[in-house]
Amino acid sequence: MKQLPTPLAGVVVVETQAFQDSRGAFARWFCEDELAQAVGARRIVQINHSLTHSVGAVRGLHYQRPPHAETKFVRCLRGRVWDVALDLRADSPTFLQWHAEELSAANARMLVIPEGCAHGFQVLEAASELLYLHTAAYCPDAEAGVSPTDPAVQIAWPLPIGDLSARDNQHPALPPDFRGIAL
């Protein structure tokens with residue numbers, strides 16, 4: 001596993017080396033020892049899978065408020081997505097900045113999104129599937145979101161937003177006096 005820093009503090013791209021032979025391929029997708037800095041004292045407590053059918057669809061931007069904040073490890077199993085992390089951490093040098101990576105089954109990259117960052121993605125290829133590893137269990141009372149079209153954040157989605165759930169469509173823009181999430 002090769003870990004590549006991004007412009008956002010704590011957001012890391014993990015590249016995986018696949019070993020191939022006549023039977024197919026094998027790759028290590030998660031290693032607590034190699035990802036110890038990203039995992040910290042936490043542990044993986046939940047694994048989720050998503051399937052999104054339509055190109056241009058956006059899911060997000062989602063996060064959980066403390067004390068249920070979570071680190072996410074996101075991989076694309078099938079298709080291609082444009083995966084976004086938005087830094088909402090009050091004490092971060094990259095507060096209110098975003099970073100995106102194309103994740104695909106072909107590039108086998110994983111994006112590590114730390115606590116205090118919102119996450120979302122846009123589908124670039126029909127029937128794209130994502131696998132998420134979480135360091136906190138889902139807590140409905142702690143769920144929150146940011147509008148993917150928030151003018152203060154100005155995420156440059158690569159395609160027009162085609163499909164957005166009613167729930168995600170109701171996420172508010174950040175208020176002008178938003179001071180961030182204290183972790």
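## Pockets

On a 1 Å grid over the protein atoms alone, a pocket is an open set of points with protein on both sides within 12 Å along at least five of seven lines, while a cavity is a set of points where a 1.4 Å probe fits but cannot get out; lining residues have an atom within 4 Å of a point. With that in hand, let us look at the second largest pocket, which is lined by Gln3, Gly10, Val12, Gln37, Ala38, Arg42, Thr71, Val112, Pro114 and Glu115. It holds about 210 Å³ of space, where a volume is the space filled by probe spheres set on the points, with grid points joined across faces, edges and corners. The lining of the second largest pocket comprises 4 nonpolar, 4 polar and 2 charged residues; here Ala, Val, Leu, Ile, Met, Phe, Trp, Tyr, Cys and Pro count as nonpolar, Asp, Glu, Lys and Arg as charged, and the others, Gly among them, as polar.

Please keep in mind that this is a predicted model, in which local features need pLDDT of at least 70 and side-chain atom pairs count only at pLDDT 80 or more, whereas totals for chains, interfaces and linings use all residues. Residues are numbered from 1 along each chain as its sequence is written, and side-chain values use heavy atoms, with hydrogens and water left out.

The largest pocket has a volume of about 540 Å³. Its lining counts 31 residues, and those nearest the centre are Arg59, His62, Lys72, Tyr132 and Arg167. Two or more lining residues come from each of β5 (46-52), β6 (58-64), β11 (117-123), β12 (128-134), β13 (143-145) and α2 (166-169). Sorted by class, the lining of the largest pocket has 15 polar, 9 nonpolar and 7 charged residues.

## The chain as a whole

Stepping back, the chain has 2 helices and 13 strands; helices (H or I, at least four residues) and strands (E, at least two) are DSSP runs, numbered from the N terminus. The radius of gyration is 16 Å, close to the 16 Å that the globule rule gives for 183 residues, so the chain is as compact as a globular protein of that length. This radius is taken over C-alpha atoms, and the globule rule is 2.2 Å times the number of residues to the power 0.38.

Along the principal axes, the C-alpha atoms fill a box of roughly 55 × 40 × 30 Å. Of the 183 residues, 47% are buried, meaning under 20% relative accessible area, with exposed being over 50% and partly exposed in between (1.4 Å probe, protein chains only).

Strands β8 (residues 80-87) and β11 run antiparallel and are joined by 7 bridges, with Ala85 opposite His119 in β11.

## An enclosed space

Rolling a probe the size of a water molecule over the atoms shows where empty space is left. The structure holds 1 cavity of 30 Å³ or more, and the largest cavity has a volume of about 40 Å³. Its lining is made up of His62, Tyr63, Gln64, Glu70, Lys72, Ile113, Pro114, Glu115, Gly116 and Cys117. Strand β6 gives the largest share, 3 residues. By class, the lining of the largest cavity has 4 nonpolar, 3 polar and 3 charged residues.

## Backbone details worth a look

Most residues other than glycine have a negative phi, and most peptide bonds are trans. The peptide bond from Gly60 to Leu61 is cis, with omega near 10 degrees, and Leu61 sits in strand β6. Another cis peptide bond joins Pro66 and Pro67, with omega about 10 degrees; Pro67 lies in the loop between β6 and β7.

Leu96, although not a glycine, has a positive phi of about 65 degrees. Leu96 lies in the loop between β8 and β9 and is partly exposed, with a relative accessible area of 29%. Ala108 has a positive phi near 50 degrees and lies in the loop between β9 and β10; at 18% relative accessibility, Ala108 counts as buried.

Conventions. Pairing = 2+ DSSP bridges.
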